[in-house]
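Hi,

Here is the structure I said I would pass on.

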Amino acid sequence: MQRKAQVIGTAALLAALLTGCTSGSDGASPADDANPGDAGTATVAAQPGKYRNLPEPCGAVGHDTLATMLPGIRQITDPDQRDKAYRGVPELTYDTDRKVGCHWKVESTTATDRLSVDFERVVSFDNAVSDDNEARKLFQGMEKAAHLPAPGTPGGEPASPSADPSATASPNASASADPSETAADAADLRPRTLPDLGDEAYLDDQLPTSGSTSEPRTVTVVFRTSNVVVTLEYEEQPMVVGAVPDSKEMQDRARDLASQLADKLDG
């Protein structure tokens with residue numbers, strides 16, 4: 001009787017084992033069956049941007065650079081007023097981790113100069129889109145809005161009067177201008193992309209067409225480094241009616257500062 005019970009128990013055990021093997025023979029697990037459409041489609045989150053914070057904008061431009069770009073600073077005799085001019089005015093912002101800026105305005109005996117710098121840290125809220133790609137979209141939209149002339153465009157109508165050789169030289173610079181300067185030299189000063197700044201960059205140079213009044217020239221440099229887009233605007237308005245700010249001088253100063261700001265981000 002005892003032996004019979006053992007045989008029955010052994011048979012029941014074997015039957016249970018066989019049933020378990022048969023039900024799992026397709027290799028599927030309860031977890032696999034729970035999401036049959038997701039097998040092998042694991043989502044990989046896009047990489048975050050390189051930068052997690054931004055520099056203090058009013059301190060990002062050194063005194064020597066400010067004195068060069070805003071020559072009226074050195075003409076301020078009152079020490080407190082001169083220090084105030086160097087400090088600049090921070091832009092109003094509600095999220096200093098995402099967007100900051102600073103601007104300066106100084107008058108001299110010959111012109112009023114203005115300078116502004118803005119840093120924007122771009123963050124993607126789409127897990128499938130990286131911060132860098134989101135910043136690239138922002139930069140490309142700004143570049144498109146600037147309407148830069150096509151690279152290598154020979155002659156033709158310049159995108160702005162700054163391409164006109166007669167508009168690029170100021171009265172103070174005309175006497176020292178190189179007589180061998182050609183139209184190609186002037187074309188080099190037209191709005192264009194800058195291959196040697198950040199991940200991508202462009203320069204815009206705008207001068208109103210009216211020559212009957214004292215009009216400002218504005219040089220803008222925009223560049224992107226990873227997920228940060230930096231905008232620099234440098235404007236000069238002569239005191240003398242009909243005077244035209246020197247395009248090359250302003251562009252050189254703006255590009256030098258842009259390179260400094262790029263180093264500041266990586267510093």
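A residue counts as buried when its relative accessible area is under 20%. Cysteine 102 has a relative accessible area of 0%, so cysteine 102 is buried. Cysteine 58, at 12% relative accessibility, counts as buried too. Keep in mind that this is a predicted model.

Cysteine 58 sits in the loop between α2 (30-34) and α3, while cysteine 102 belongs to strand β2, so the pair ties together parts that are 44 residues apart in sequence. The torsion about their S-S bond is about 100 degrees, so the disulfide is right-handed. Searching the whole structure turns up 1 disulfide.

The largest nonpolar core has 37 residues, and the members that touch the most others are Leu115, Val117, Phe119, Phe223, Leu232 and Leu261. At least two residues each come from α3 (63-69), α4 (79-87), β2 (99-107), β3 (111-121), β5 (200-206), β6 (217-225), β7 (228-238) and α9 (247-266). Which of these gives the most to the core? That would be α9, with 7 residues. Another core, of 8 residues, lies apart from this one, and its members include Val122, Phe139, Leu148 and Val229.

Leaving aside neighbours within four places in sequence, leucine 261 is in contact with Ala60, Val61, Val117, Phe119, Phe223, Val230 and Leu232.

Now for α9 itself. This helix has 20 residues and runs 29 Å from its first C-alpha to its last, close to the 28 Å expected at 1.5 Å a residue. At its start, a side-chain oxygen of aspartate 246 comes to within 3.3 Å of the backbone nitrogen of lysine 248. The buried residues of α9 include Met250, Ala254, Leu257, Ala258, Leu261 and Leu265. When you look at that spacing, remember that an α-helix has 3.6 residues a turn, so residues three or four places apart point the same way.

One more residue to look at is arginine 253, which lies in helix α9 and is buried. What does its side chain pair with? A polar contact of 3.0 Å joins the side chains of arginine 253 and tyrosine 234. Not counting residues up to four places away in sequence, arginine 253 touches Thr68, Met69 and Tyr234.

Cheers

Definitions and conventions:
Residues numbered from 1 in each chain as written. Predicted model: local features only at pLDDT ≥ 70, side-chain atom pairs only at ≥ 80, totals over all residues. Heavy atoms only, no water. Core = buried A, V, L, I, M, F, W, Y, C linked by side-chain atoms within 4.5 Å. Buried < 20%, exposed > 50% of the residue type's maximum accessible area, 1.4 Å probe, protein only. Helix = DSSP H or I, 4+ residues; strand = E, 2+ residues; numbered from the N terminus. Contact = heavy atoms within 4.5 Å. Expected span 1.5 Å × (residues − 1). Polar contact = N/O pair within 3.5 Å; in protein donor to acceptor, adjacent residues only side chain to side chain. Disulfide = S-S within 2.5 Å.
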